[in-house]
Amino acid sequence: MTASLTGPRGGAAGTDDVTGPVRDFVTTEIAPYADEWDQDERLPPKLLIRMAELGLWAPFLPTGSGGSDMTWSTLGRVHEEIGRGCSSVRSFLTVHTMVTWTVHRWGTEEQRERWLPRLAAGDLLGAFCLTEPDSGSDASAAGTVAEPTGSGWVINGEKKWMTAGQVAGLLLVFCRTARGMSAFLVPAGTPGVEVTPLTGVMGTRASMLAGIVLRDVRVGPDALIGPPGWAAGTVMTGALDLGRYSVACGSVGIVQACLDACVAYTSRRTVRDGRLSELQLIRRKVSDMVVGSRAARLLCAEAGRLKDADDPATIMATWVAKYQASTAATAAASDAVQIHGANGFSAQYPVARLYRDAKVAEIIEGSTELQQLTIASEAYREVAR
Ligand SMILES: Cc1cc2nc3c(=O)[nH]c(=O)nc-3n(C[C@H](O)[C@H](O)[C@H](O)COP(=O)(O)OP(=O)(O)OC[C@H]3O[C@@H](n4cnc5c(N)ncnc54)[C@H](O)[C@@H]3O)c2cc1C
């Protein structure tokens with residue numbers, strides 16, 4: 001058994017010391033293989049086990065629940081590092097964090113005892129099942145329905161685009177009930193759950209996406225998180241905020257990876273008699289990456305600090321961080337491909353994958369357009385106050 005990166009030997013809980021060991025892990029065990037996983041459209045089981053050994057699945061949980069009391073600030077730096085190496089791995093962590101935090105924050109004592117030890121250990125992976133074929137940004141249009149039976153609930157509907165859906169053991173499924181949107185914990189092996197892999201996607205190709213059909217899926221009363229109709233204002237808002245934070249931090253990692261790749265490439269590639277690195281137009285792009293990564297990292301740090309302080313202002317800070325970080329990532333990745341020329345188009349260099357992965361960050365956990373609308377609305381609200 002390897003020492004946990006997030007335990008005492010890997011850095012004191014709640015401090016940033018942990019990011020050094022995580023950086024080494026990403027540099028040696030994730031980044032060199034990310035293109036291979038992208039082409040295979042899957043993450044190897046041994047990586048998922050290794051992450052469990054290193055305590056990376058749910059370090060934000062209290063020590064008594066299998067975590068290491070990691071602060072949100074530090075978790076953000078960890079997700080940045082993982083995002084630097086491979087956005088598919090970061091995607092797995094994002095949805096697992098959303099599901100695990102939901103159980104910890106809003107689950108009953110019984111639900112926590114039943115699910116948290118395995119979620120914390122990474123024996124059981126979570127999938128966050130909100131989006132449907134006909135509803136995405138507007139989650140209130142979701143058509144999956146849960147109806148009460150004498151002994152629990154019966155769920156019918158279809159979910160699409162579930163990250164880690166091919167391997168997740170526990171599904172957090174959002175359904176309509178007579179009282180409004182509700183969240184249910186559904187073991188993936190429950191009769192009536194049908195999982196279909198989604199392949200051939202543009203980015204985060206190793207994130208093992210799935211479509212999930214639920215046909216007369218029967219669950220007990222203990223599957224429901226909170227009272228019926230309670231999920232929209234609490235679970236959805238809270239879990240999506242954490243997902244947004246993770247994606248923002250992962251996007252900083254993408255900008256950093258673009259910067260690292262471009263500095264290395266332009267330092268050795270020659271055109272005419274000089275190196276690419278000597279050309280001013282190349283340097284301008286590199287400087288944009290430096291500024292983009294630093295600005296996004298600071299915004300993520302602000303969002304993390306507010307989370308650690310339990311300050312509700314973190315919600316808006318996270319929207320701002322995710323907007324800046326994800327758009328900086330797509331800009332940096334586009335420039336990185338340009339700087340690499342034809343090589344940027346090939347699978348021999350990581351920038352083609354970074355370009356495809358960056359785009360996903362502008363779509364998930366609140367698209368760029370929704371962020372623009374939300375951030376502007378807040379500006380008008382502040383003026384009106
Ligand atoms: C790789 C990947 C992984 C994903 N993983 C998950 C997952 O694990 N769990 C999950 O539940 N979902 C997941 N999703 C789905 C994701 O959350 C949705 O794609 C996202 O919410 C956007 O919804 P949509 O794709 O239906 O786009 P739509 O909502 O149809 O939007 C289409 C376009 O219209 C714009 N738009 C929408 N509303 C407005 C508005 N009011 N004003 C202006 N413009 C607007 C959007 O910004 C977008 O550009 C994943 C998606 C991808 C691509």
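Predicted model: local features only at pLDDT ≥ 70, side-chain atom pairs only at ≥ 80, totals over all residues.
Reader: Where should I begin with the pockets, and what volume does the largest pocket have?

Author: Begin with the space and then turn to the residues around it. In this model the largest pocket holds about 1000 Å³ of space.

Reader: Which residues lie nearest the centre of the largest pocket?

Author: Thr 131, Ile 363, Ile 364, Glu 365 and Gly 366 do, out of a lining of 37 residues. Two or more lining residues come from each of helix 5 (87-106), strand 3 (152-162), helix 7 (232-268) and helix 10 (351-361).

Reader: Which element gives the most to that lining?

Author: Helix 7, which supplies six residues to the largest pocket.

Reader: How do the lining residues of the largest pocket divide by class?

Author: There are 19 nonpolar residues, 13 polar ones and five charged ones.

Reader: What is the volume of the second largest pocket?

Author: Its volume is about 540 Å³. The second largest pocket is lined by 25 residues, and Trp 72, Trp 101, Arg 105, Lys 307 and Asp 310 are the closest to its centre. Helix 5, helix 7, helix 8 (280-308) and helix 9 (314-340) each give two or more residues to this lining.

Reader: Which helix gives the most to the second largest pocket?

Author: Helix 7, with six residues. By class, the lining of the second largest pocket has eleven nonpolar, seven polar and seven charged residues.

Reader: Which domains give at least three residues each to the lining of the second largest pocket?

Author: Domain 1 (8-124) and domain 3 (232-384) do.

Reader: What does a nitrogen atom of the ligand lie 2.7 Å from?

Author: An N or O atom in the side chain of Thr 131. An oxygen atom of the ligand is 3.0 Å from a polar backbone atom of Leu 130.

Reader: How much of the accessible area of the ligand does the protein cover?

Author: To read cover, take the ligand on its own as the reference. On its own this ligand has 970 Å² of accessible area, and the protein covers 63% of that.

How values were computed:
Residues numbered from 1 in each chain as written. Heavy atoms only, no water. 1 Å grid on protein atoms, 1.4 Å probe; cavity = no way out; pocket = protein on both sides within 12 Å on 5 of 7 lines; lining within 4 Å. Points joined across faces, edges and corners; volume = space filled by probe spheres on them. Helix = DSSP H or I, 4+ residues; strand = E, 2+ residues; numbered from the N terminus. Nonpolar A, V, L, I, M, F, W, Y, C, P; charged D, E, K, R; others polar. Domains from an automatic or database assignment. Polar contact = N/O pair within 3.5 Å; in protein donor to acceptor, adjacent residues only side chain to side chain. Areas by Shrake-Rupley, 256 points an atom, 1.4 Å probe, with all protein chains shown as cover.
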